[in-house]
Amino acid sequence: MKVTTRSQIDRRTNQILRIVFAWRIVFALLAGVMASNVWRAGFPDLAPWLGMICILILSAAAILSLFAAVQIIRRHHSARIISLTLDYLAFVFFAVLLLNTGEIFIGLDALGETFGSGLPYLGIVLAGYLLGSLDDYFPQRDRAPENSLKVLGRWLMLAGFLLFLWRIGTVEGILYFMGRLAGPAGLVSVAGVLIFGVAIWLMGMEGIAHALHAKSHHEQIISGWLFLSPNLLGFLIFFAGPLLLSFYFSFTDSDAFNTPNWVGFANYAKILNVRLALLSSPDQLAREVIDIKKYDEVGRLHIGNGGVLFAAADKFFWLALRNTLTFVLLVVPLSVIPALFLSSLLNSKLPGMKFYRAIYFMPSIAAVVGISLVWQWLYNATIGYINYFITTGIGFWNQIFNTAILDPKIQWVSDESTALLAVIIIAAWQSIGFNTVLFLAGLQNIPAELYEAATVDGAGAWDKFRWITVPLLAPTTFYIVSITTIQAMQVFEQVYILMNPPEGPNNSTITLVLYLYRKGFQNFEQGYASAIAWILFIVIFGLTMLQFRRQRRYSVYES
Amino acid sequence: MKKSMFWKVPGLLVIVSFVLAACGTPAVVTEPAITEESSATEDASSGDVAIRWRTRPDNQEEIDVYSQISADLDAGLDGITLTYEPGGSEGASYQDQLRAEIAGGTAPDVFWIPGTDVADFATRGLILNAADLASSTEGFNVDDFYAGPMEHLTFNPETSASGADSGALWGLPRDVSTFALYLNMDLINEAGAPDPRELAANGEWDWDAFLDVAQKTRALGSDVYGYGASAWWGPYGVWLNASGGGFFNADRTACALNTPESLAGLEFQRSLYADYDVATPYGEDPEPPFRAGKVAMFQNGRWATPGIRTVEFEWDVVELPNGPSGTPGNWLFWGAYVINANTEHPEEAWKLVQALTTAETQGKISALGANIPSRVSQEALDAFLTFTPPANNQAFLNGIAPEADPTAEGPLWAGSWPQFDQIMGPAVQGVLTGATTVEDFGETICDEANKVFNQ
């Protein structure tokens, strides 16, 4: 009996193996033919570089599929892994195509409009739930189970759901979806989903796994990748893909509308093209010492009766870099040091402390745009509250102490010397709360015994803070400083909303991200903007690496 | 098991249905159809061509009016089904979003852009040259609109010719606007300053008279200002224009910010901030203090009228004062409805552009008070005068009258306007905030600004 069954399974498995072998050959041929078609005729509405990527992907798929076919003959487990990978990716592709053909992605936006009209019916669902839950409170032993309130509640909930789905347009949705699928693109995508779905199912069969000598750890690997795949595919398509694309664009003159031309390192060369020139007098004109057709003055350093002039082919980049680094240098300490002290204060069990923690955290969760608009009003030089309090305070002081202190009438956002400071104050104020919460978490991980031992040894509050809290918080501090630095290097929203124009008086608030936004999305020099983005990446990467090295050197845990 | 299935099945049903329900809505007319494919397809139910259009409204009231206009035109235009999409406000970067959509192939068939953007859009091939469509349209005449905008809208970059026979038509102006001074009459009366409206009526409204009113009202208190203007090219440009200067040379192929006339205009404006200290700090938004009753003369366009209508003090408007050149140097602001170069229905899109710029349609929009019709029509102008307050609506019409010689806001066909503005704006701000002298500005500005021209 056993032998008969095994021979039946083997025969069936062999048949399936023949099918999947044939499928691999067909797959390879299809992929190869498509790659060759794209190579010869191009792809309608596809940029040449996208065509190249298509050819590479299709060629790789064809080669891998052929290789898998060979491995099937050799009964090698790699055939299964390759087949499952190729079929899974193709399945995902056709599934997305299916959803796109059915215009589901477009319709998701529209769902918001109809969703509200169905909400009252969800009330019926809630009523059904409440009715069902009454059964737990008022059980009636003599009632048949099918007559219980729980069953009635379930049916009511189901009816409510159905009404809700009808109201939000499910019927129209199904009809529209089916209608879209009736077209050629819909039929191809449905066929693709079915074919690749069956291929995955066949290759996933236990008999095939055995026949291809798959071991349990191979199963684990496949399962692991399968679970990872949604995130991994999302990362590759929406993060790594654009990242590589922007790297490619940085070597082109892409304007987003026309086919980009390869320009090599021209974008980088222009950004980094700088000149230093000696000045014979502090107010010597730039045109006398540099070629003003190529360079613009960025700044000058006065030394005695002369000085040094710094000029660049793209002065805005260097101004933006200067402002961004200034911003980082001030924002990081202003948002980290107060947070450290604040967290020490809040790390106590005094009544009302949770309330204060929530208060300090609030700026971090508020929308940047809203916050910036509120600060814009506060900063207004003529009717803003900040200047009002300064004026009132100085008037009060002068009156009480009979002094003659002048009201500075600070023009927070319109004065070159204070504009960046105004942005720094907002950014620091907004970050302190979040950093405080992180420090609090770090503080609560420090063993209380250490403080107790220090107290026994006679250490005061400052000594405990300096010699226990600060060193043991080092990993948290490192994380906070790194994150705050990275965020500060990417400052954009506050400047864009607060300042008018965003560059501020005399370009005093132009920052790297603001500049690349201007270049990429207003001047549409996307190739150039990509080059700026990659330089920004290098600067951030360099700063973070420096922090890592410093952390390793001074880390209390590692030493 | 059964219990668990009872919950799983409806749960799954709900999720699937949400997704499927999402597909049902494109049939709704008001829902924007986003894909090229769907915008290009004909309305399955009626056989009409679906056309999407967009403009930049400033508030919900304008959105409502444009939506109503779209519905009215939809009913009147045979074979066309319209979908109106309100664009983002100025702060939401209407143009940035639009450009991104054009790049992504999802932009509407017809959209509005500011006059300064026309060259950029046209030279990049993003908007359709409607000259052929216009020439085959019976009764269409470019002279029906203000000459300034039409000169730019009919500019042919290949021949550098403008006009009806230039072979180019990039769109039609939605509306026009110009600057005026919004007056806080309570402050002016309290200061005992002469009424600017009377001075203007008597031909005595010049820079000296303006300064006199500004100084008298400034003397009312340390927190009261005589004049306020926003920090962009429009407000500071008028002072340069009024003294005979300007941003560009005559054929707009080079920077003219360093001419003696331009520098004289800038110097006068600088003196308002630094020497006479009559103006709200440059770079600060002057509208809040004006609305708070702290500014006597607030320079802004017609678009500010709906907002100003809510203030509680007595207010009106007056035209800008005449400068040394004998004119106020005002701008003729405009924006245009243009056709997406990738539209699959250019004829229908052109019909819509015409329908959106009829006197009747423009009258409906002008009734809101935010703009002036772009058609040169006495009927339209008479109607505009009835849209009060302000009582002195005539000040806006005086600003765009030929005798005031307004400079039409214009694109830069020979260079990049955004880049020119990016260089000019901060440099002017440096002068007006005291960081740079006018002399230093004059010495260096055109060295830098001329780089944006195609030389």
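This is a predicted model: local features need pLDDT of at least 70, side-chain atom pairs count only at pLDDT 80 or more; totals for chains, interfaces and linings use all residues.
Colleague: How many of the 10 residues of helix H11 of chain B are buried?

Modeller: 7 of them, so helix H11 (residues 233-242) of chain B is mostly covered. Buried means that 20 or more other C-beta atoms lie within 10 Å of the residue's own; exposed means 12 or fewer, and partly exposed is in between, with C-beta atoms placed from the backbone. Helices here are DSSP runs of H or I with at least four residues, strands are runs of E with at least two, and both are numbered from the N terminus.

Colleague: OK. Which residues of H11(B) are the buried ones?

Modeller: B:Tyr236, B:Gly237, B:Val238, B:Trp239, B:Leu240, B:Asn241 and B:Ala242.

Colleague: And what covers them?

Modeller: The cover includes strand S5 (179-184), helix H12 (260-273), strand S9 (331-339), strand S11 (407-408) and H19 of chain B. After H11(B) comes B:Gly244, with a positive phi near 95°.

Colleague: You mentioned H19. At what angle does it pack with H20 in chain B?

Modeller: About 170°, with the axes 11 Å apart; H19 spans residues 417-432 and H20 residues 438-449. Axes are lines fitted to C-alpha atoms, for helices over the stretch in contact, and angles run from 0 to 180 degrees between N-to-C directions. H19(B) and H20(B) are therefore roughly antiparallel. Under 35 degrees counts as roughly parallel, over 145 as roughly antiparallel, 65 to 115 as roughly perpendicular, and the rest as oblique.

Colleague: Which residues meet there, H19(B) to H20(B)?

Modeller: H19(B) brings B:Phe420, B:Ile423, B:Met424, B:Ala427 and B:Val431. H20(B) brings B:Val438, B:Phe441, B:Ile445, B:Glu448 and B:Ala449. Contact means that the C-beta atoms, placed from the backbone, lie within 7 Å. By class, that contact has 9 nonpolar, no polar and 1 charged residue. Ala, Val, Leu, Ile, Met, Phe, Trp, Tyr, Cys and Pro count as nonpolar, Asp, Glu, Lys and Arg as charged, and the others, Gly among them, as polar.

Colleague: New topic. How do H16 and H17 of chain A pack?

Modeller: Helix H16 (residues 448-456) and helix H17 (residues 461-472) pack at about 135°, with axes 11 Å apart. They are therefore oblique to each other. A:Leu450, A:Tyr451 and A:Ala454 of H16(A) meet A:Asp463, A:Lys464 and A:Ile468 of H17(A). That contact holds 4 nonpolar, no polar and 2 charged residues.

Colleague: How many residues of chain B touch chain A?

Modeller: 51 residues of chain B are in contact with 49 of chain A. H1(B) gives the most to chain B's side, with 11 residues. That side has 27 nonpolar, 13 polar and 11 charged residues.

How values were computed:
Residues are numbered from 1 along each chain as its sequence is written. Chains are lettered from A and ligands numbered from 1 in the order in which they are written. Two residues are in contact if their C-beta atoms, placed from the backbone, lie within 7 Å.
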